[in-house]
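The points below are set out for discussion alongside the structure.

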Amino acid sequence: MSRVGILTCGGDCPGLNAAIRAVTRKLIISYDFEVLGVKNGYDGLIEGDVQPLSMYSVSGVLPRGGTILGTSRTEPFNVKNGVETILENLKRFEIDSLVVIGGKAAINSANQLSEHGIKLVCIPSTIDNDVYGTDVTLGFDTAVNVATKAIDMIHTTAESHHRIMVVELMGLNSGWIATYAGLAGGADCILIPEVEFTIDETAALLKKRHKRRKFSIVVVAEGANPADVEDYKTSLNKQDALGNTYFCSIGEFVGAELAKRTGMETRVTTLGYIQRGGSPSVPDRILASRLGVAAANKIKNKEFSVVVGIKGNDIIATPLKNVTGKIKQVNPEMYNTAAAFFG
Ligand code: F6P
């Protein structure tokens, strides 16, 4: 009987449990496989921390956020004898193949493991939506809904106090969440890593808008970097009353600079980990179920070293080597559509 290990790696997101459930149920019901849950991402493979997964184990987990297996940001090739230990544990637990659920870093590690002969299939999951080879990653839709709801709520206080409200969203290498939630939330400006911007231009845009409306919403992706500030991170050095130096986020930096250059009262909200939590949206539950079943079928058909994904409404599979080392960035048409509503 074939035995498959499932692990969730990297940043968690809503939909992981729905995917674990889909893989487990499909493998057990359709193919009579045995399934093992690997705890805490690649840590569990290295430490041999595994637990059997049954139909009962995944009962009721579809709507639950997070991951019942736990996760970590451990990358096997950064651990002394990591790969050798993993190979030993796969033999020890008689695991024939793996389903790795995670983002770019997890998939890059999976590619290296596959080059060492480990049979595996990947499911792309991250709220950042920056994994190449799929239109959408697990968790993205839920994060956009959370961020859009937050922007809607910020609107009322911005208007009441005639303020610039800066909302910092997640997305270290790409501005997908900021672009989608900014567009859906009616942001007056969206700043993302993919599109060069300056604080001066942003201030000029808002000053022009304030002749018409006395408040603004500025959405900033955490990886955005203003072109007119030399290495903004070092310039963020702030001293507190006790002389302690501390950094602040891009959102705080942009907020402080806009307040200075527009003379407008400005406040900053960093949404942070709220974007990673909560129950998966319906689209994420459906995507997780489709990708989970697709991954189980790839395992059954011994079609390894691929990342399953969605293109349009079709489930596809892309060779791992064509995905690793790449970042899917926001497409210009989408950003330009959002920009049509700036100011
Ligand atoms: O990878 C998803 C993500 O939420 C990024 O948007 C964010 O920058 C990062 O994870 C935070 O990492 P951690 O959860 O390790 O603090």
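1. Between domain 1 and domain 2 there are 8 residue pairs in polar contact, counting pairs with both residues at pLDDT 80 or more. The model is a predicted one. On the side of domain 1 that touches domain 2, the residues divide into 5 nonpolar, 4 polar and 6 charged.

2. The domain assignment places residues 3–139 and 280–322 in domain 1, and residues 141–276 in domain 2. Their C-alpha centres are 34 Å apart.

3. Contact between the two domains involves 15 residues of domain 1 and 13 residues of domain 2. About 1,100 Å² is buried between them, with 47% of this area coming from carbon and sulfur atoms. Within domain 1, Asp12, Ile127 and Asp128 lose the most area to domain 2, together accounting for 42% of what that side buries.

4. The count of salt bridges between domain 1 and domain 2 is 1. Arginine 276 and aspartate 12 form a salt bridge through their side chains, at 2.8 Å from N to O.

5. The residues surrounding the ligand are Arg73, Thr126, Ile127, Asp128, Met170, Gly171, Leu172, Glu222, Tyr273 and Arg276. Oxygen atoms of the ligand lie 2.7 Å from a polar side-chain atom of aspartate 128, 3.4 Å from a backbone N or O atom of glycine 171, and 2.7 Å from a side-chain N or O atom of arginine 276. Of the 400 Å² of accessible area that the ligand has on its own, the protein covers 74%.

Definitions and conventions
Residues numbered from 1 in each chain as written. Predicted model: local features only at pLDDT ≥ 70, side-chain atom pairs only at ≥ 80, totals over all residues. Heavy atoms only, no water. Domains from an automatic or database assignment. Contact = heavy atoms within 4.5 Å. Buried area = accessible area lost by both parts, 1.4 Å probe. Salt bridge = Lys/Arg side-chain N within 4 Å of Asp/Glu carboxyl O. Polar contact = N/O pair within 3.5 Å; in protein donor to acceptor, adjacent residues only side chain to side chain. Nonpolar A, V, L, I, M, F, W, Y, C, P; charged D, E, K, R; others polar. Near = heavy atom within 4 Å. Areas by Shrake-Rupley, 256 points an atom, 1.4 Å probe, with all protein chains shown as cover.
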